[in-house]
Amino acid sequence: MRNNLPTFSFKRNFMLAIETKNLIKEFDGLKAVDNISLEVKEGEIFGLLGPNGAGKTTTIKILVTLLTPTKGEAKVWGFDILKQKDEVRNSIGIVFQEPALDNRLTGYENLDFHARLYGLDKETRKKRIEEVLSLVELQDKADVLVINYSGGMQRRLEIARGLMHYPKVLFLDEPTLGLDPQTRHRIWDYVLQLNQKEKTTIILTTHYMEEADYLCQRIGIIDFGKIVALDTPQNLKNILGGDVISIEAFPPQKAFEVLKTYSWVKKINQHNGIIDLNVDQGENKIPLLIEKDQKEVGFVIKSVNLRKPTLEDVFLHFTGKTIREAEASSIEKQKRMRQRFRR
Amino acid sequence: MKSNNLQTIYVMWLREMKRFLRAKSRLIGTLIMPFFFLLAMGSGFNSGFSLPGAPPGVNYLNFLVPGIIGMTMLFSSMSAGISVLWDKEFGFLKEIMVAPVRRLAIILGRIAGGVTTALIQGVLILILSLFLGFKMVNLSGFIWALLFMLLIGISFIGFGVAIASKMEDTQGFSLIMQFIVFPIFLLSGAFFPVTNFPGWLRPIAYLDPLTYGVDGLRSSLIGFSQFPLTLDLIILLIFGVLMIALGSWLFSTTEI
């Protein structure tokens, strides 16, 4: 392990684990990452939330030195990602979105390979492999070839590997993508555990709202390569204020026109035939909706649903679409791009 | 830092060894083709047939074996180099690329691993050919042959890494084999002396680095060659150093 000190000291009394300024990455003139500036504090669990194709993975790849940004600068653990690559690499651990294991080696051998690359000595290697294997409960599979692991086991092994060299900052790119709910919850537990036990700063990307909500202390919402909002999950939800009333009404257009005019409706959104109203004290507002004369207002209410705002509502608020809709449109965009570049 | 470089080379080598020892079918697969060549051509051309350009008294099997060893080294080294591409495909390359280690150490480790497995295959072919009736001149010749095998291995792994670094996926793999590896093999004089090529083809054969590898092997193993041993050695050394440099430079610029 090298003990080079960061090139500059911070005036703040906490350390910044990540700092990016106007980061831009272009692929063939298209901006995958568009002017991203963000700061992540030491010890934080920070989430980048956005649909597939929003630029999360590209941002991560830049931060872990796998891609060079087109413009802008970034520091990880105080080290410049362009000028101090080795120091950055030494400070971080990564769990990639797609598997990055050698499946012709056993679980143990994958960890040992990693530990040697990061210069751990023999005793530390042995001790640490035991530790991380027991954290992800894979001790009894240590000597099995990775090719025989299930998807969930592979992901857990990758998390274990990401922790091997005591990284200061751990990047998790869609850590629970494609996993069953049980495994997902277990992985969430590991993530919280190692944030608390090992004081690891964690940056994760996800397009699962509940994952971001459950794990992250702060969230950056990312859409088309831009950070559109950044705050704690609670503050993000508070932006919308109060409650959300979701209404199914017929005819929807008429209902939308009328509801828009009510003074107690703070914000109104329509998507997939559902109308969302942001209101204060929602439980008192439902009677107001119901007691209106149907003939007078010109629409029929078919169902009403009251809830606290979720990150889904926040996403909708900032991007004008739900994350699923955003995903569909970005997949469309990718398809079109691919066709354009196909020779 | 220095010890970490050695550790990197070692761990890359260790990984290659483990994978090699586990893939028994791969070993048989790569040995079977050179063995068939030896068996079919060596025995077919052997009786009462004197090869133009070769000195009288050298039987064809003895002439062929160094060429086939060169071929074995070429193919196994190229595939060891191009295996970077498989790592890219299966994602493992990312794990290697984000590690805080010198790119050159990664390449040297890969070369060390690839050369070891290629040498094992080359020596196995040599041993098999002894059973078919191949006769080496002496033991020091064998040592020289090992040196040439080593140089061929290093050069073409470097070359393979260089090519793989510039390729996006494994789709171009068979194209590389057919348009680069086979011509290198066929032009190297593995089957007959390069002087037998027509005049327009001969310069190209002289540009083929494997020509000097095969010639060096032939010189070491059966005491017949077209160029002086030192010339073979110098040309291969230069080519090898160039390929390591090119391979690690292109490898360090890969973005994944």
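For the first stop, an axis is a line fitted to C-alpha atoms, for helices over the stretch in contact, and an angle runs from 0 to 180 degrees between N-to-C directions. Keep in mind throughout that this is a predicted model.

**First stop: two helices of chain B**

Select helix 2 (residues 24-44) of chain B together with helix 5 (residues 103-132) of chain B, which pack at an angle of about 30° with their axes 10 Å apart. Angles under 35 degrees count as roughly parallel, and helix 2 and helix 5 of chain B are therefore roughly parallel to each other. If you look at how helix 2 of chain B passes helix 5 of chain B, the crossing is right-handed. To see where they meet, show the residues of helix 2 of chain B that take part, including B:Thr30, B:Leu31, B:Pro34 and B:Phe35, and those of helix 5 of chain B, among them B:Gln121, B:Leu124, B:Ile125 and B:Leu128. Coloured by class, the residues of this contact between helix 2 and helix 5 of chain B divide into nine nonpolar, four polar and no charged.

**Second stop: a covered helix of chain B**

Next select helix 9 of chain B, residues 209-222, which has 14 residues and reaches 20 Å from its first C-alpha to its last, close to the 20 Å expected at 1.5 Å a residue. Helix 9 of chain B is mostly covered, with 14 of its 14 residues buried.

**Third stop: where the chains touch**

Now show both chains: 19 residues of chain B are in contact with 23 residues of chain A. On the side of chain B that touches chain A, the elements giving two or more residues are helix 1 (2-22) and helix 4 (92-97) of chain B, and helix 1 of chain B contributes the largest share, eight residues. The residues on this side of chain B divide into eight nonpolar, four polar and seven charged.

**Last stop: two helices of chain A**

Finally, select helix 3 (residues 107-117) and helix 5 (residues 151-163) of chain A, which pack at an angle of about 25° with their axes 9 Å apart. These two helices of chain A are therefore roughly parallel to each other, and helix 3 of chain A passes helix 5 of chain A in a right-handed crossing. The contact is made by A:Gly107, A:Asn110, A:Leu111 and A:His114 of helix 3 of chain A, together with A:Leu157, A:Ala160 and A:Arg161 of helix 5 of chain A.

Note on methods:
Residues are numbered from 1 along each chain as its sequence is written. Chains are lettered from A and ligands numbered from 1 in the order in which they are written. This is a predicted model: local features need pLDDT of at least 70, side-chain atom pairs count only at pLDDT 80 or more; totals for chains, interfaces and linings use all residues. Helices (H or I, at least four residues) and strands (E, at least two) are DSSP runs, numbered from the N terminus. The expected span of a helix is 1.5 Å times one less than its number of residues. A residue is buried if 20 or more other C-beta atoms lie within 10 Å of its own, exposed if 12 or fewer, and partly exposed in between; C-beta atoms are placed from the backbone. Angles under 35 degrees count as roughly parallel, over 145 as roughly antiparallel, 65 to 115 as roughly perpendicular and the rest as oblique. A crossing is left-handed if the near helix is turned anticlockwise from the far one by less than a right angle, and right-handed if clockwise. Two residues are in contact if their C-beta atoms, placed from the backbone, lie within 7 Å. Ala, Val, Leu, Ile, Met, Phe, Trp, Tyr, Cys and Pro count as nonpolar, Asp, Glu, Lys and Arg as charged, and the others, Gly among them, as polar.
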